[in-house]
Amino acid sequence: MIARSEELHLLKLRVFTLDVISPLGGYVKFRIVRHLLLLYPFVLSGLMMGQSVSFSRNIYSNIPYSFATADLNNDGREDLIQICGDGSSGDFAVSLSTANATYAPQVCYHLPTGAVYGVAVGDFNGDGYLDLAVINGTNTFYEYQNIGDGTFRLQASFVSPVTQIISMVAADANHDGRIDLIFDAFNDTNLYVWLGNGAAGFTAGPTSTIQVAGELSIGDFDGDGKVDILSQFNTYGNAIQVDYGDGHGHFQAAPVFFDDAAFQSYDLNGDGRMDLVGDPFDFSLNGSTYYKIVRVQHGNSNRTFTRQDVALSQCTPGGTYPAVADFNGDGIKDIVVAEASDCQGSPPYTVNVLLGKADGTFQPEQRIYSSGVAPDLYVMRLNQDTKPDIRFHGYFQNTSNTQEIFLTDTTPGQFPKCASPNSGTGIALCSPTRSVIASSPVKFSIGAANQTPGRKVEVWIDGKKAGEELNGWSHYSFLDSTFNLANGLHTVTVYSAGWDNLLESTTFPLTVGSSQCPPPASPGLNVCSPLNDSALGSSVLAWASGTVTGTIARMEVWVDGVKEISTSGSGTLKQSVSLAAGSHTFVFYIVNTAGQKWWQTVVASVK
């Protein structure tokens, strides 16, 4: 993500800037900011207005600007990808989470040339760890490979045909299951797609014509399951264009429209189409205009937008981003927004939550924080639960001093029951966790982590979609549903999808109406518990049946290379084992008296 325009923030920052001429006319400076680090813990709660929301908070003063957040070391908490130090080196940095809403000092990474202007995140080589693509204000971008613990090495350099890349995002543009890179360039009317090969390489792909070259973000604004691209250029007004993807890497540019707001993309009304959410602001050297609204542009299936203005009791500070998630666990999306009482953009500012109602309107604001900075607001995962947390980065007026504040959601409510896996990608099955269920209905409780912003989880049974839930925030998505199934054997596939419809899946057999783990017809094993990708309590049921050639000698279960269970002379093993929290590898063996072995491996986690 590129730092916002200096005109938009009205800040006197002294770092380094890049002068840009918009294809639509006008002038803008993209800038990189500088900062330091300090931590203070506090606790606060919302005011009582219907249901109250509550958050704990951690404050970092003068922290460097964060381009993105993602779980880089697979611990279930999102980490910070930032400018290195004060920005003078031009390098980027990673600050890993060490505990809930707590971060280690930066580890900086040197760019061979240029200075960092943006970062795209994705698993480029398919190893389950998120990697980084870094643009540097030239025609070159660099791929940094995650070596598995949140540290990085320079993997490759790529030279594009453009002069200067403005912005880059990672998404599956051609729907082949591999993450691609999409970027635009200064003084250029093209959108470029470089296709990923799934093995850390990229090659030039389709090029599409656009009119607005600016900050890019991904979504699906018409709900057709194909990734679309939002491009915004912030000058004294905001030029906005949505480029609709065809699922093969090509994009059709919709007409440009202008709005006083700079937008982020969220599915505010839960209809499976991304919406644009921002706060309007008219800049003028002779006196700027501030508004008492949040501006929403709802995406429609016919590739238009429908405007909704959400009333506020105070004016927004001007040029800040609101954020959207279900903060009280009622299944309806809420808005968190910054406001200033004087309608002149002056501090103090408040951060307020507007709880959504079933009819698409919102309750009055609940104040959750007061600040001397006007913050940009984002949703992220600060801990390992299923509640969306809030990050905001703000600047003290007329200074380069900043605050980055992390608000951890502590609100009681009906939040998703199954936490996403403690990894940058993957699916966690909290229910079912075994392949044999005594009776219908069957409860499914699932959490997923996605490379791109989380959209939904689907359950397919015997080749038909049984249900889906469009319940996601940041990189995460969830499902809690119950399905009536006939007795007998079924094939279940669980999918999770980001807003580019990049799919992750897990498939397993499910027998309903039985308490037996049936042995296979030919020599081998049938592991009934735990299922691959299951998320379990500390007492794990190891349950399997096997068939051998000749006579059975024994069955064994090894966990993480250590033998935990051994039985003799039986073709069925059913026993619990206590395990510490974390991911575990189970290897089930069955051995005959001649010493022949058959085995099956399962990977599951203990919460």
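Analyst: Two strands count as paired if DSSP finds at least two bridges between them. Strands themselves are DSSP runs of E with at least two residues, numbered from the N terminus. This is a predicted model, where local features need pLDDT of at least 70, side-chain atom pairs count only at pLDDT 80 or more, and totals for chains, interfaces and linings use all residues. Residues are numbered from 1 along each chain as its sequence is written, and side-chain values use heavy atoms, leaving out hydrogens and water.

User: How many bridges join β41 to β42?

Analyst: Strand β41 covers residues 472-473 and runs antiparallel to β42. The two form a hairpin with two residues between them. One of the pairs is Gly472 with Ser477. The number of bridges joining β41 to β42 is two.

User: Which residue of β42 is the bridge partner of Ser445?

Analyst: Look at strand β38, residues 442-449, which is antiparallel to β42 and joined to it by eight bridges. For Ser445, the bridge partner in β42 is Asp480.

User: How many of the eight residues in β42 are buried?

Analyst: Buried means under 20% relative accessible area, with a 1.4 Å probe and protein chains only. Strand β42, residues 476-483, is mostly covered. Of its eight residues, the number buried is six.

How values were computed:
Buried < 20%, exposed > 50% of the residue type's maximum accessible area, 1.4 Å probe, protein only. Helix = DSSP H or I, 4+ residues; strand = E, 2+ residues; numbered from the N terminus.
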